[in-house]
Amino acid sequence: MNTSNNSNQHRIVVLDTETTGMNQDGGPHYLGHRIVEIGAVEIIDRKLTGRHFHVYIKPDREIQAEAVAIHGITDEFLRDKPEYRDVHREFLEFIQGAELVAHNAPFDVGFMDYEFEKLDASIGNTEQYCKVTDTLAMAKRIFPGKRNNLDILCDRYGIDNSHRTLHGALLDAEILADVYLLMTGGQTTLQFNPGSGDGEGVGGESIKRASSQRKALKVLRATADEIEAHNSRLDIVEKSGSCLWRQ
């Protein structure tokens with residue numbers, strides 16, 4: 001795992017967790033359940049840096065069958081993995097001071113806060129260390145009244161997630177990072193040097209601008225025959241209902 005810190009820059013950490021299950025008794029979803037996987041990737045200046053945090057965690061309880069069906073992580077697989085207390089310091093160092101982005105953030109943050117409290121109540125909660133951004137809430141504002149799970153957002157934004165057969169925290173964090181960049185700016189590959197003012201792009205590639213002295217484009221107007229043919233077509237459209245071209 002790669003967790004060195006760029007503390008002088010504004011950092012975004014996109015995070016996902018997998019858990020032992022969900023509380024079925026009407027209480028907080030995390031109560032009694034534990035995190036079994038954390039995946040997080042770093043973004044700086046709208047670029048994935050390649051730095052990430054990824055760990056599997058051995059909980060102190062069995063994983064629900066419904067949860068195994070979602071993420072594929074079994075009790076046997078986790079038998080030799082570290083407990084949360086063993087990874088807490090490294091995890092907190094990775095997220096501290098960052099803008100923490102998660103899809104349905106209250107779910108992940110609820111589990112994180114529960115792990116913090118079980119370890120040591122004096123640790124406090126996630127929002128004492130990070131600004132939390134919920135991409136599900138963002139998606140509901142952008143696409144009101146529509147379903148907005150991660151797979152559907154990938155379809156809307158043209159992101160290939162065909163390799164995602166099971167939920168995995170690190171894979172989902174990487175996919176969500178792409179979704180987040182498109183949701184917040186629509187541009188994930190072409191970026192400019194801030195403040196350069198000379199059209200120099202990232203990687204030293206220049207942007208060629210069209211000359212302002214170029215000749216005006218020639219306007220080709222429709223002939224009388226073309227206008228007549230166009231109106232004949234609109235007559236047909238109008239017979240079947242309203243014709244917007246004539247409104």
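**Exercise 1.** Determine the sense in which strands β2 and β3 pair, and describe the turn between them.

Solution. Strand β2 covers residues 35-44 and strand β3 residues 47-56; they pair in the antiparallel sense over seven bridges. Strands (E, at least two residues) and helices (H or I, at least four) are DSSP runs numbered from the N terminus, and pairing requires at least two DSSP bridges between two strands. Ile 44 stands opposite Lys 47 in β3. Two residues separate the strands of this hairpin, and Asp 45 in the turn has a positive phi of about 55°.

The model is predicted: local features need pLDDT of at least 70 and side-chain atom pairs pLDDT 80 or more, while totals for chains, interfaces and linings use all residues. Residues are numbered from 1 along each chain as its sequence is written, and side-chain values use heavy atoms, without hydrogens and water.

**Exercise 2.** Identify the aromatic pair formed by Tyr 30 and classify its geometry.

Solution. Rings of Phe, Tyr and Trp (its six-membered ring) pair if their centres lie within 6.5 Å; planes under 30 degrees apart count as stacked, over 60 as edge-to-face and the rest as tilted. By this rule the count comes to nine aromatic pairs. Tyr 30 pairs with Tyr 114 at 5.6 Å centre to centre, with 40° between the planes, and the pair is tilted. Tyr 30 lies in the loop between β1 (12-19) and β2, and Tyr 114 in helix α4 (residues 105-119), so that the pair links distant parts of the chain, 84 residues apart.
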